[in-house]
Amino acid sequence: MARALALAEQSLYISSPNPHVGCVIVDAAGRLLGEGFTQAAGQAHAEVMALRDAQARGNEVRGATAYVTLEPCSHHGRTGPCCEALAGAGIARVVASLQDPNPKVGGRGFERLRAAGIAVEVGPGAEASRELNIGFFSRMVRGTPWVRMKIAASLDGTTALGNGASQWITSAAARADGHAWRARACAVLTGIGTVLEDDPRLDVREVPTPRQPRLVVVDSRLELPRSARLLQTGREVLVYAAVDDSPARRILESEGASVIALPGDHGKVDLAAMLRDLAAREVNELHVEAGFKLNGSLVREGLVDEFLLYLAPRLLGPGRGLAAIGPFDALAQGVPLAFRGVQPVGPDLRVLARIPGRDAF
């Protein structure tokens, strides 16, 4: 199962919106027969890849055990049911980490395996598999993506000077690491303020990746200029607005963007509705790289699950902070966090912190 989980990690940048799954097939003596991991959407799942690998090696899998990090699917989606592929190949035993949270599967894969006379064991590697697929579980169970907010700051929490200068607070190593997290996301979200001020591309450049995440812009008044570099990347761009301005919409749609009007209070975008809409568009992990105002709105509305924070070993004094929240009158009003990991990245520190209870689904 440890090998199957390592294989699942290899699908981090390719399998979304499908889950990240690995599969290892062994004989009764524990000898490797075949292995594989889930490919891009519409292509083979981990179980089929492992069966193909065994065939390519000239290995017979009848009577073998398949270790897989998620319940084999039982429905016809972009591909056929993996439980049928395993049964048809003569697999005698399946050890799976978790039941699939997809209501189209949800235990039916295990039922069909058992009906075919295949022994099924569930549990080994469950926690690691769920963490690999935290976004997929979030979308299937909560109906919203897993929201991870990335922030680069000085040790005293400054993300930009008062004049807006912010490039670069952290090191090249931290930026490359941030791109790796950006690459695993289904979509990257920013706000119109960041676009107008920095004109970012928000693509993955610092690490190899076979695909680029989609782009999401919160633009309440549809101010996104047609010259914005986000619109020149050839990637899907979703623009969420609080108004349905036909001329502005037509301009952006002529540049290939999709405009979705979701008005909320005070002329702002309904951010909770936006997350539900993104889930309907098969976004598992949403990677936020925005300014302190949009960051603050997301935090205040309780929509952030996790923080990916890069801290540089320098002090910058007063400037723009991490997120526009507060001021508070009592310490208890602050946002509680649980550290998930602290690791040096070049000269900087990467802090992964989660809001307690956000993963309880």
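At which residues does UniProt place the feature "binding site"? In this predicted model, where local features need pLDDT of at least 70 and side-chain atom pairs count only at pLDDT 80 or more, totals for chains, interfaces and linings use all residues. Residues are numbered from 1 along each chain as its sequence is written, and side-chain values use heavy atoms, with hydrogens and water left out.

The unreviewed UniProt entry places the feature at His45, Cys73 and Cys82, in the numbering used here, although such annotations may be inferred rather than shown by experiment. These residues span 38 residues in sequence, yet no two of their C-alpha atoms are more than 9.1 Å apart, so they gather at one spot. His45, Cys73 and Cys82 are also included in the lining of the second largest pocket (on a 1 Å grid over the protein atoms alone, an open set of points where a 1.4 Å probe fits, with protein on both sides within 12 Å along at least five of seven lines; lining residues have an atom within 4 Å of a point).

The domain assignment, which is automatic or taken from a database, gives domain 1 (1-132) and domain 2 (144-354). Their contact (heavy atoms within 4.5 Å) takes nine residues from domain 1 and twelve residues from domain 2. Between them the domains bury about 910 Å², 43% of it on carbon and sulfur atoms, where buried area is the accessible area (1.4 Å probe) lost on putting the two parts together, summed over both. Tyr13, Pro17 and Glu131 supply 59% of the area that domain 1 buries against domain 2, more than any other three residues.
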